[in-house]
2 protein chains.
Amino acid sequence: MELDERKMKILQAIVKNYLETGEPVGSRTISKYTDLNLSSATIRNEMADLEEQGYILQPHTSAGRIPSDKGYRLYVDEMMRERETLLDSKEKQLDDMKDFLIEKVDRVETLLQNMVKVLANNTNYATMISTPQFQNNRVKFIQLSSVEEDQVLCVLVLEGNIIKNKIIKVEESLNNEAILKLNILLNSTLNGLTLDEINLSMISRMTGQAGEQGTLVRNVLDAIAEAIHSENNMEIYTSGATNILKYPELSDSEKATRLIGTLEEKKLLTSLISDSNGEDDGRGIQIYIGDETPVQSMKDCSVVTATYELEDGLRGTIGVIGPKRMDYEKVVETLKTVKDQLDDVYKKIT
Amino acid sequence: MELDERKMKILQAIVKNYLETGEPVGSRTISKYTDLNLSSATIRNEMADLEEQGYILQPHTSAGRIPSDKGYRLYVDEMMRERETLLDSKEKQLDDMKDFLIEKVDRVETLLQNMVKVLANNTNYATMISTPQFQNNRVKFIQLSSVEEDQVLCVLVLEGNIIKNKIIKVEESLNNEAILKLNILLNSTLNGLTLDEINLSMISRMTGQAGEQGTLVRNVLDAIAEAIHSENNMEIYTSGATNILKYPELSDSEKATRLIGTLEEKKLLTSLISDSNGEDDGRGIQIYIGDETPVQSMKDCSVVTATYELEDGLRGTIGVIGPKRMDYEKVVETLKTVKDQLDDVYKKIT
DNA sequence: GTTAGCACTCCATTAAAATGAGTGCTAACA
DNA sequence: TGTTAGCACTCATTTTAATGGAGTGCTAAC
């Protein structure tokens, strides 16, 4: 099953060439392209082998070969060299970007929205980014305040300065003293806890202690649970959906509709969000080629995702969606840089 | 410049037919289609006149005619009958929708997001909706709380239960008493005011009264100003962007990219938001045909917008973007219903 | 003023032909 | 035994030509 060195080189040449041109590549091209100094006939023989082994395929007889998913996979795993040379200029470019991003940014959301746009412009693929998850972040501060007769405002601050709030209806207005008491109760009990740590016995104890205001406490806790619960919170921003249309193999009406539709219906993207199952390269990068994708509607694409991590355990996912023949090297490199630098930018703006 | 009745009828027939088929319509079709009982030759003569007057045009010689922007405009202004007959079923349909929407909706944002999706599915065009504006809403409640040594949380509640918050850095930690005082000062001064009413002299007086905490008050006021300022607040949700691809006249790569890109880059849509300049039909409906649009990139489309109004003076815009040959009647009818009912749904969920 | 008739235009569709990139296979070569 | 030149063959793409038909404009007659 292993490929000898020559076959590897030929496969690599095929993939590289196809990434560049998007056209099936023939034996003659390879014969000239590589330093192997082999005639096209020899290449043809090797190609026949490679096809038999499933690394490349022919769109039709008498066409050149294109990489199969398996071929891309081998390329990505074994042959892709990191572009150290490019790294410097990329660093610089991203430094510029940082300045650009910081300007006028004062909320994480805005930062991420800008980031995802920059990434889309940079790569010419579609991009997505999820707001950080914070299930495991701890409660820092809770406050109830009476806003109107029958309305209580509940504000919740989590580690990482995530603020959630909700207006809760109450039957009868509360006096200041009652509210003060409740605040003390809530803070002393819940501060420093994560959602997972707020369990049933705790809840019943608190509702007990709250006496008359038992139902209110209950409502507050519900509000917290709801506020903190992942699916209500994770937002996904996308950008560059129209980049899809730049690639003929994706731009026919049916595929484009499916893809752009998926990007629009952000919920469908959640399965791309860092399930952090093993398959990454040790630096939080994951590559899904074709059918490997967890999002069915993207089976004609490749998806590259990276997990970024801000301080305070805030963690999210950033991803690039493009044709299978995307420039994996560049994308991976860019994502790594983005991921590394996101933290910096974030620190500067907070 | 006025058209006689017969020409009107012919134009109307052309537009209607073109809306249905999307194909240029010829004289023979009209001759049979209308109850005018005129031969195709006569129709041809009239068509020649209509073309000369700019109401219709020929894609090429030996093709039928299609309406020009001017033709559409006349149709929309003068010929479009409201479909009273359909109204009943539409009402019902929207009632169903209401139930669907209320389920699990507990924030206005979610309501609007669902609404815009339903609208897109219903019409088969692209849709947009803006979150309500609240420049003129009054301050209901302000509260500062010390969250950490150097961080103060500022919560602002406006009429309509719009909540804004921001964490403000301070030099030195504030004791409870100081915060209490500030809260009283802020509330007593600002409650019941709109942003416009918070003027310079008021600010300087307050910073004076705040003594040591002058800068903090300044920061709080800045935060309010920023929170309340329109461009930071208005969000626009879109849906059904891919519906664009259903219409051949818009689905070529270039146009589609431009349009979907515009929908993605929501900021570009702000000029569609209820500048409420006169040109509406008295019920908050506006129709932009082709070049009439304030958004340059949509000059190949028509856009229909409606202003909706929730209670408490919350007001936003909902819009439909489609090909010029969109079904204006249906769209206008649907928008009217949505606009009327949005308020109801909103009341139910709050 | 209306209509029938006719020549003309031009797009769209189909069919046929030319092109050419690329293959697989065979036989000769080192 | 691995490599290469040569050649016949395949098949998507492009080009060209032919055909059909929807629709018009104009003229002459009603």
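Ala, Val, Leu, Ile, Met, Phe, Trp, Tyr, Cys and Pro count here as nonpolar, Asp, Glu, Lys and Arg as charged, and the others, Gly among them, as polar. By these classes, the surface near DNA strand C divides into four nonpolar, 12 polar and four charged residues. The model is predicted.

**Surroundings of DNA strand C**

- DNA strand C is surrounded by 20 residues.
- The closest of them are Ser27(A) from one chain and Arg6(B), Thr42(B), Thr61(B) and Ser62(B) from the other.
- Of the atoms of DNA strand C that come within 4 Å of the protein, 74% belong to sugar and phosphate.
- At least two residues of the surface near DNA strand C are supplied by α3 of chain A, and at least two by α3 of chain B.
- The largest share comes from α3(B), with four residues.

**Polar contacts to DNA strand C**

- Thr42(B), one of the closest residues, has a polar side-chain atom 2.5 Å from a phosphate oxygen of DNA strand C.
- Arg44(A) reaches a base: an N or O atom in its side chain is 3.1 Å from a base nitrogen of DNA strand C.

- Sugar and phosphate make up 76% of the atoms of DNA strand D that come within 4 Å of the protein.
- The surface near DNA strand D consists of four nonpolar, 12 polar and four charged residues.

**Polar contacts to DNA strand D**

- For Ser39(A), a polar backbone atom is 3.1 Å from a phosphate oxygen of DNA strand D.
- The elements giving two or more residues to the surface near DNA strand D are α3 (40–52) of chain A and α3 (40–52) of chain B.
- With four residues, α3(A) provides the largest share of that surface.

Note on methods:
Residues numbered from 1 in each chain as written. Chains lettered and ligands numbered in written order. Predicted model: local features only at pLDDT ≥ 70, side-chain atom pairs only at ≥ 80, totals over all residues. Heavy atoms only, no water. Near = heavy atom within 4 Å. Polar contact = N/O pair within 3.5 Å; in protein donor to acceptor, adjacent residues only side chain to side chain.
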